[in-house]
Amino acid sequence: MQVAIDGPASAGKSTVAKIIANKLSFVYIDTGAMYRACTVIARDHDLDYGDEAGILNAIDKDGIELKSEDGEQKVYVAGKDVSKEIRTPEISANVSQVSALPKIREKMVSLQRQMAGKTNVIMDGRDIGTTVLPNAEVKIFLVASARSRAERRLLDFKQRGIKTNQTVDEIEQDIAQRDYKDSHRKVSPLKKADDAIEIDTTNMSIDQVVDAILAKIKEN
């Protein structure tokens, strides 16, 4: 079975996807983490975030791996754990530009489909239901107000031990810009699939969102 969870930044996609994957013993794939890893690679190689050919070469050199360790998904670049690094404000600010590059998307989508293979999978991102897994049995589109997402992101920084001088207002502005970039890019823009179920998580707890999605999965 394939479950696709899409939605804008900090709508709660990866949090609920991980919980559901654990409950159902599905393989969890965080596609956003893969694009963030591409962005880390670009930065580490001193490449312009728009240098498609350079970033592709660097990805081939370094490699990106997703590993499950102690129930957590870890992201490795060139054999180094970058799971915390990919969530820093610098990477968040530049991942939209890298993920909009057509050949980077092509490479990542191919990897994501390979990972989905023939196993039960829950995958989250921006274009899973529309592009990566268009035949997924369950498609969910999570939304939430920009303010609530900014508050969640600040809390996430604290929980991960990521230092930031940004205020909630500044994070909210960044999120609004990210939404615009993601929904206006030429290749696989962020949009709800026609057959996706929309869930507004603004005033919902994590458990409530998980239960709502599990109910939809059980219907299939």
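## Ground rules

This is a predicted model, where local features need pLDDT of at least 70 and side-chain atom pairs count only at pLDDT 80 or more, while totals for chains, interfaces and linings use all residues. Residues are numbered from 1 along each chain as its sequence is written, and side-chain values use heavy atoms, with hydrogens and water left out.

## The annotated domain

An unreviewed UniProt entry lists residues 3-218 as "domain: Cytidylate kinase"; such annotations may be inferred rather than shown by experiment. Over residues 3-218, the chain is 52% helix and 17% strand, with the end C-alpha atoms 11 Å apart. Helices (H or I, at least four residues) and strands (E, at least two) are DSSP runs, numbered from the N terminus.

## The largest pocket

The largest pocket comes in at about 1,100 Å³. Of its 48 lining residues, Ser14, Thr15, Arg87, Asp156 and Arg160 are the closest to the centre. A pocket here is an open set of points on a 1 Å grid where a 1.4 Å probe fits, with protein on both sides within 12 Å along at least five of seven lines; lining residues have an atom within 4 Å of a point. Volume is the space filled by probe spheres set on the points.

Helix 7 gives the most to this lining, with 8 residues. By class, the lining of the largest pocket has 19 charged, 15 nonpolar and 14 polar residues; Asp, Glu, Lys and Arg count as charged, Ala, Val, Leu, Ile, Met, Phe, Trp, Tyr, Cys and Pro as nonpolar, and the others, Gly among them, as polar. Domain 1 (1-10 + 126-210) and domain 2 (26-118) both give residues to the lining, so the largest pocket lies between them. Those bounds come from an automatic or database domain assignment.

## The second largest pocket

The second largest pocket holds about 260 Å³ of space. It's lined by 14 residues, with Val27, Tyr28, Ser68, Glu72 and Gln73 nearest its centre. Helix 1, strand 2, strand 3 and strand 4 each give two or more residues to that lining, and by class there are 7 nonpolar, 4 polar and 3 charged residues.

## Two positive phi values

Asp46 has a phi near 55 degrees, positive in a residue other than glycine. Asp46 sits in the loop between helix 2 and helix 3, and counts as exposed (over 50% relative accessible area, 1.4 Å probe, protein chains only) at 74%.

Ser188, also not a glycine, has a positive phi near 45 degrees. This serine lies in the loop between helix 8 and strand 8 and is buried (under 20%), with a relative accessible area of 15%.
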